[in-house]
Amino acid sequence: MRRRAWVFAGIAIAVAALFVRLGVWQLDRLAWRRTVNARVQARLDRPPVDAFALPRDTAQLRYRRATVTGRFDWAREIVLTSRTRNGSPGVWLVTPLRVAGRDTAVLVVRGWVYAPDGETVDRARWHEGDTTVAIDGFVLPLADTPSPATFPGRTPRAYRQLDAMNAARDVGTPVLPLLLVQRGDSAPDGGAIPPRLVPPRLDEANHQSYAIQWFSFATMALVSAALFVRAERRRPREGS
């Protein structure tokens, strides 16, 4: 068999091995995603607890369900900038909730509001009233102190990333190190209630189809090498 056939076969085997490794990597990613999805779903399915009874371990906070009752402090509302929804720019409205008998506020993400520049919004337009409200939502962790990812916006109480230290400064009292994302119905278009946020979509992405593609590429490489080697073996040698 000619030398070029051996070279071609060696390259094909190496490429096939690489494709197989990429396919296995995609299957590993799929298994990891399924594990994360199961963990998130289990937290969302658990009965809600009082926000002040949640553990302080941020690794255990994400997507836990919690409740809290109090009054919104509209004068201290914060916005999280550059939050998109269905491809449109906007902000998250983060409103401190004052709880009777406690000096610590709870930061409630009431929903998303359209903002052409991703920051500027008429906050008063979205006030929902001054009565005592019971909030049911899921939790996102909040860092205790600023990090390199903390970017204040151009307007007061506007942040690209927020932490408990800056939030406490703006709110005027300590805050729990979490964001309680309010769940519930939104008002029709033009209503005073901003569209509520929803938990993440727990899908498996495209890892399985990508794995099948990589394994298919590996098979194609090996089959091509086998056909090439077979053709070379059947070809007469020069001078024979």
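**Surface, core and rings**

Mentor: Valine 15 is found in helix 1, where helices (H or I, at least four residues) and strands (E, at least two) are DSSP runs numbered from the N terminus. This is a predicted model, in which local features need pLDDT of at least 70 and side-chain atom pairs count only at pLDDT 80 or more, while totals for chains, interfaces and linings use all residues. Residues are numbered from 1 along each chain as its sequence is written, and side-chain values use heavy atoms, with hydrogens and water left out.

Trainee: Is valine 15 buried, partly exposed or exposed?

Mentor: Buried means under 20% relative accessible area, exposed means over 50%, and partly exposed lies in between (1.4 Å probe, protein chains only). Because the relative accessible area of valine 15 is 31%, this residue is partly exposed.

Trainee: Which residues touch leucine 162, not counting residues up to four places away in sequence?

Mentor: Contact means heavy atoms within 4.5 Å. With residues up to four places away in sequence left out, leucine 162 touches Ile78, Leu80, Leu107, Leu142 and Ala167.

Trainee: How many residues does the largest nonpolar core have?

Mentor: A nonpolar core is a set of buried Ala, Val, Leu, Ile, Met, Phe, Trp, Tyr and Cys residues joined through side-chain atoms within 4.5 Å. In the largest one, Leu107, Leu162 and Leu179 have the most contacts inside the core, and its number of residues is 23.

Trainee: Which strand gives the most to this core?

Mentor: The elements that give two or more residues to the core include helix 1 (3-45), strand 5 (105-114) and strand 8 (175-182). The element that gives the most, with four residues, is strand 5.

Trainee: Why is the pair of phenylalanine 19 and tryptophan 214 given its particular name?

Mentor: Rings of Phe, Tyr and Trp (its six-membered ring) pair if their centres lie within 6.5 Å, and planes under 30 degrees apart count as stacked, over 60 as edge-to-face and the rest as tilted. The centres of the rings of phenylalanine 19 and tryptophan 214 are 5.4 Å apart and their planes are at 35°, so the pair is tilted.

Trainee: How many residues apart are phenylalanine 19 and tryptophan 214?

Mentor: Phenylalanine 19 lies in helix 1 and tryptophan 214 in helix 3 (residues 207-234).
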